[in-house]
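The sequence and model are shown first.

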Number of protein chains: 2
Amino acid sequence: MSGPIVVDSVAALRAQLRDWRREGQRIAMVPTMGALHDGHISLVRIALERAERCVVSIFVNPTQFAPTEDLDKYPRQLAHDLDRLREAGAHLAFTPGVAEMYPAGFATKISVGGPSSGLETDFRPSFFDGVATVVAKLFLQAAPDCAIFGEKDYQQLCVVRQLCRDLDLPVEIIGAPTVRDTRGLAMSSRNAYLSETELAVARQLNVVLRQTAAALAAGADEASATGDAAEALVRAGFRKVDYVAAREAVTLAPWRRDRAGRLLAAAWLGTTRLIDNVEISRG
Amino acid sequence: MSGPIVVDSVAALRAQLRDWRREGQRIAMVPTMGALHDGHISLVRIALERAERCVVSIFVNPTQFAPTEDLDKYPRQLAHDLDRLREAGAHLAFTPGVAEMYPAGFATKISVGGPSSGLETDFRPSFFDGVATVVAKLFLQAAPDCAIFGEKDYQQLCVVRQLCRDLDLPVEIIGAPTVRDTRGLAMSSRNAYLSETELAVARQLNVVLRQTAAALAAGADEASATGDAAEALVRAGFRKVDYVAAREAVTLAPWRRDRAGRLLAAAWLGTTRLIDNVEISRG
């Protein structure tokens with residue numbers, strides 16, 4: 001099987017997609033920062049169920065990294081990524097450089113309120129501005145019928161849904177379940193930073209979240225349960241816990257027991273920051 | 001001749017435009033806040049030269065008014081506007097209500113840097129955020145091939161160009177010359193606020209700007225010439241001058257004599273704020 005078509009300019013992307021669209025083919029997009037793992041590949045599979053053509057963007061977006069963050073060391077492995085996309089059957093890889101996405105004089109920023117409040121934003125204040133701006137650009141460059149985002153980045157999924165709703169971006173957003181290893185660790189490109197010892201600790205994150213979500217569903221006090229969860233993570237070996245928080249599943253407003261809920265967490269292992277989230281069943 | 005089709009929902013707008021697009025017709029958009037005058041009608045005429053179909057949006061956008069500004073008294077006269085659009089041959093009027101454009105929970109803002117710096121922004125800090133957000137929404141709702149904006153709102157025209165460039169909005173932006181009355185006063189919906197006495201003063205704005213632009217083109221010192229212009233406006237009867245400023249014509253960066261220039265001004269007559277601008281010929 002031949003690999004995906006690879007284009008690195010907006011003009012070439014649009015030319016190819018115009019041909020497919022003219023033939024009446026639906027287009028699904030999977031925006032990524034590369035370093036593709038089984039989680040990304042699951043998004044490609046869902047895309048291929050939803051549309052005739054799957055476009056995967058690979059772009060490590062500098063505007064969603066703070067100056068102190070891991071932009072420089074973020075894993076870049078295009079040849080490996082293209083191999084994985086070929087195996088998965090993706091049709092096109094869009095691999096723009098920074099100058100193609102942000103030419104000299106670029107000066108526009110999109111800020112999404114609502115679900116971007118708190119959680120990640122408390123620790124990465126410009127993160128969702130960077131995400132919203134690049135996602136809007138990718139959608140306007142490719143004009144896909146739908147786009148697939150993993151629930152692993154749950155707050156990002158909510159922010160992207162709000163972005164499309166608010167700006168009338170005609171793209172259907174599809175959330176995909178988090179892919180985990182056999183011991184429940186959520187797939188993440190940043191797992192590559194972890195030693196074997198750290199991986200063992202990292203696997204406690206989903207365990208603690210599932211236990212805490214079950215306790216909340218069974219009626220546990222919210223502040224005590226999330227406080228206990230943070231302590232359990234530190235005991236397990238996490239260096240620092242940024243948050244463990246229960247939220248309403250769609251708006252990310254404070255959790256209410258009569259609404260669908262989500263339990264979200266971010267914690268540090270050495271210099272690596274991990275996030276995860278699980279559903280809170282209705283009590 | 002029958003009048004334009006009038007729709008007030010995004011769904012109805014898209015359904016109509018889809019039909020026209022399927023027939024291979026190009027669509028030109030003229031975004032307005034209503035209270036249509038000859039300036040707007042000139043934009044419709046240009047639209048009809050550029051495309052088979054002309055869509056005019058009429059929406060008094062609350063997010064581009066500050067709390068102290070004239071949102072409540074801004075002229076609204078839909079029946080008159082539809083008459084004028086019928087005479088001009090526009091095909092569709094999109095007249096959404098505030099709840100259609102900003103449904104409950106709306107939370108997104110687009111900020112364009114670059115040409116939005118200074119000038120209007122010094123006096124109306126959130127104005128261009130409101131403009132950029134509503135223009136992006138209108139373009140995403142209608143997906144026109146091109147859109148016509150008047151040079152009367154010169155800084156706005158520059159901001160909209162930058163918005164489309166930065167977000168890859170596939171809409172060609174066409175700037176149209178300011179329409180003036182026989183004595184040079186730029187057409188503006190806000191002229192309706194002026195008494196006969198004030199109108200006589202208002203007509204000095206373009207006179208002073210043309211004289212000043214000619215002096216600059218002939219080599220006059222920039223600071224002296226713009227300072228003199230502000231004094232001349234006050235002597236003519238303007239209550240207050242917000243700015244008279246020379247800028248580079250495309251980026252609105254500080255003016256350089258070897259580049260195309262623009263002279264822009266904003267000044268108050270009673271409680272009415274007028275703006276205007278003229279070209280500075282290359283020296």
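In which strand of chain A does Gly150(A) lie? Gly150(A) is part of strand 6, which covers residues 146-150 of chain A. The model is a predicted one, and the values below are computed from it.

**Surroundings of Gly150(A)**

Leaving aside residues up to four places away in sequence, Gly150(A) touches Leu43(A), Leu157(A) and Ala176(A). Ala220(A), by comparison, is 70 residues from Gly150(A) in sequence, and their C-alpha atoms are 28 Å apart in space.

**Two domains in chain A**

Chain A is split into domain 1, residues 5-176, and domain 2, residues 189-280. Taken over C-alpha atoms, the centres of domain 1 and domain 2 of chain A are 26 Å apart. To the contact between them, domain 1 of chain A contributes 23 residues and domain 2 of chain A contributes 18 residues.

About 1800 Å² is buried between domain 1 and domain 2 of chain A, and carbon and sulfur atoms give 52% of this area. On the domain 1 side, the residues that lose the most area to domain 2 of chain A are Leu119(A), Phe123(A) and Tyr154(A), which together make up 36% of what that side buries.

Polar and charged pairs are also found between the two domains of chain A. There are 10 residue pairs in polar contact across this interface, counting pairs with both residues at pLDDT 80 or more. The number of salt bridges between domain 1 and domain 2 of chain A is 3. In the salt bridge of Glu151(A) with Arg262(A), the closest N and O atoms are 3.3 Å apart.

Which elements give two or more residues to the side of domain 1 of chain A that touches domain 2 of chain A? They are helix 5 (120-123) and helix 7 (154-167) of chain A. Helix 7 of chain A has the largest share, with 3 residues. By class, this side of domain 1 of chain A has 9 nonpolar, 7 polar and 7 charged residues.

**Annotated positions**

In the UniProt record, an unreviewed entry, the annotation "binding site" covers Gln64(A) and Gln156(A). These positions span 93 residues in sequence, yet no two of their C-alpha atoms are more than 11.5 Å apart, so they gather at one spot. Gln64(A) is placed in the loop that runs between strand 3 (53-58) and helix 3 (78-88) of chain A.

**Contact between chain A and chain B**

The contact between the chains involves 26 residues of chain A and 26 residues of chain B. Chain A and chain B bury about 2000 Å² between them, with 51% of it on carbon and sulfur atoms. Leu140(A), Leu167(A) and Asp168(A) supply 28% of the area that chain A buries against chain B, more than any other three residues.

Across the interface of chain A and chain B, 20 residue pairs are in polar contact, both residues being at pLDDT 80 or more. Between these chains the count of salt bridges is 2. Elements giving two or more residues to the side of chain A that touches chain B are helix 1 (10-22), strand 5 (108-112), helix 6 (127-142) and helix 7 of chain A. The residues on this side of chain A comprise 12 nonpolar, 8 polar and 6 charged.

**Salt bridges**

Over all chains, the structure holds 34 salt bridges. The table gives some of them.

| Salt bridge | Closest N and O atoms |
|---|---|
| Glu151(A) with Arg262(A) | 3.3 Å apart |
| Asp168(B) with Lys137(A) | 2.6 Å apart |
| Lys109(A) with Asp129(A) | 3.7 Å apart |

The pair of Lys109(A) and Asp129(A) links distant parts of the chain, 20 residues apart. Lys109(A) is in strand 5 of chain A and Asp129(A) is in helix 6 of chain A.

Terms used: Residues are numbered from 1 along each chain as its sequence is written. Chains are lettered from A and ligands numbered from 1 in the order in which they are written. This is a predicted model: local features need pLDDT of at least 70, side-chain atom pairs count only at pLDDT 80 or more; totals for chains, interfaces and linings use all residues. Side-chain values use heavy atoms; hydrogens and water are left out. Domain bounds come from an automatic or database domain assignment. Contact means heavy atoms within 4.5 Å. Buried area is the accessible area (1.4 Å probe) that two parts lose on being put together, summed over both. A salt bridge is a side-chain nitrogen of Lys or Arg within 4 Å of a carboxyl oxygen of Asp or Glu. A polar contact is a pair of N or O atoms within 3.5 Å; within protein, one must be able to donate a hydrogen and the other to accept it, and residues adjacent in sequence count only if both atoms are side-chain atoms. Helices (H or I, at least four residues) and strands (E, at least two) are DSSP runs, numbered from the N terminus. Ala, Val, Leu, Ile, Met, Phe, Trp, Tyr, Cys and Pro count as nonpolar, Asp, Glu, Lys and Arg as charged, and the others, Gly among them, as polar. UniProt positions are given in the numbering used here, feature names are shortened, and annotations may be inferred rather than shown by experiment.
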